[in-house]
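Visitor: I would like to learn how to read confidence and helix packing in a model like this one. Please show me the structure.

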Amino acid sequence: MSELLDILMFLKPWVGGILCVIGALLALIGSIGVLRFPDFFTRLHAASITDTSAVTLSLLGMAILAPNWLVVFKLAAIWLFIFLTSPTGSHALANAAHTAGLQPVLGRDLRRPDNREEEA
Amino acid sequence: MGYFAGLIFVLAALWLGLSGIYKPLLLILAGISILISVVLASRLETVDREGSPYGRSIPILSYWAWLMVEIFKANWPVIKACVSANLNINPAFVRVKTRCESDLAKTIFANSITLTPGTVTVEVEGNKLLIHALFEEDATPDSFDEMDLRSYRAADGKREEELAA
C-alpha cells in the first residue's frame, strides 16, 4: 500500500506539470487561431478554446501540484467563475457587434462582406 | 425560506474554503459579513429561484458534467482548424428554436452554446436563438436538440409542480 502511495507521490509533479504544459499549448493554439481567422466572429471561436479546455487543463494541473486543499478550493472557485463569466463576455461582444451591424465572413469560400460603411 | 438557507449555506462554504484561518474573531466577522450579504440580497429582492438556484444543484451539476464532455469533444475540430495549413472553415449564422421557458433555462442553454467551441450565441429573441457557427455542417438545428432538452430538464424540469406548490 505504501509503495503505491510512493509511486503516486512520484508521479504527482509529473502529471501536474504535463497537464499545465498541455493547457499552455492549447492557449497558444487559441492565440494562433485568433490571429489567423478572418473576421471578428470567427476569432471569438478561437478564443473559446483558451476559455474552456486550456483553462480546465491548466487549473487541473495546478490543483494536482497544490500543497493543500485550500489552494484546490480556490482553484475550483476560479474555474467555476471563469466558466460562468467567459460565455457572458463572449455573448456580450458578439451581440454588440451584431447590433452595430458588423457583417460576418460567411461560407466556405470566406466571402468578404461589404463593411465599407463602418470603415468610412 | 429554502432560498435563504441555500444562499447562507453557499456563502458560508465559500468563506470557509477561501479563508483557511479558523479563529473565533474571524468566524464572528464571517458571520456578520454573511448576514450583511443576505440582508442586502433580500433588499435587492434577488433571493429567488434565479438568485439562489441551489435547490436544483443535482440536476444542474449532472448537466454540467455532461456539458464538460461535450465541450472537450467540440474543442477538437476548432483546434484542428486553428493549426491546419489552409483555413478549412465554413462560418454561418444559424437560427435555433428552444423549448426553455424560464430565463434561467434560456441563460443556461445560451451560455452552453457559447461555451462550446465553434458556436456562439449572438442574440436571444423570445424562444429563438441566433447562433454564429464556425462549421455550418456541424451546426444543424438538430445538433442543438439534445443540449436544449438537457438544459430544459436541468433548470425547468418539474417547474410546473414547483409553481403549483
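This is a predicted model: local features need pLDDT of at least 70, side-chain atom pairs count only at pLDDT 80 or more; totals for chains, interfaces and linings use all residues.

Visitor: Which helices mark the lowest and highest confidence in chain A?

Guide: Helix α4 (residues 116-119) of chain A is lowest, at a mean of 52, and helix α3 (residues 69-99) of chain A is highest, at 91. Chain A averages 86, and 92% of its residues score at least 70. For the model, ipTM is 0.81 and pTM is 0.82.

Visitor: What describes two packed helices?

Guide: The angle between their axes and the distance between the axes. Here, helix α2 (residues 40-65) of chain A and helix α3 (residues 57-83) of chain B have axes that come within 10 Å and cross at roughly 135°. The two are therefore oblique to each other. The crossing of α2(A) past α3(B) is left-handed.

Visitor: Which residues meet there?

Guide: From α2(A), H45(A), A46(A), I49(A), T52(A) and S53(A). Their counterparts in α3(B) are I71(B), F72(B), N75(B), V78(B), I79(B) and C82(B). Sorted by class, this contact has 7 nonpolar and 4 polar residues, and no charged ones.

Technical notes: Residues are numbered from 1 along each chain as its sequence is written. Chains are lettered from A and ligands numbered from 1 in the order in which they are written. Axes are lines fitted to C-alpha atoms, for helices over the stretch in contact, and angles run from 0 to 180 degrees between N-to-C directions. Helices (H or I, at least four residues) and strands (E, at least two) are DSSP runs, numbered from the N terminus. Angles under 35 degrees count as roughly parallel, over 145 as roughly antiparallel, 65 to 115 as roughly perpendicular and the rest as oblique. A crossing is left-handed if the near helix is turned anticlockwise from the far one by less than a right angle, and right-handed if clockwise. Two residues are in contact if their C-beta atoms, placed from the backbone, lie within 7 Å. Ala, Val, Leu, Ile, Met, Phe, Trp, Tyr, Cys and Pro count as nonpolar, Asp, Glu, Lys and Arg as charged, and the others, Gly among them, as polar. pLDDT is the predictor's confidence in each residue, from 0 to 100.
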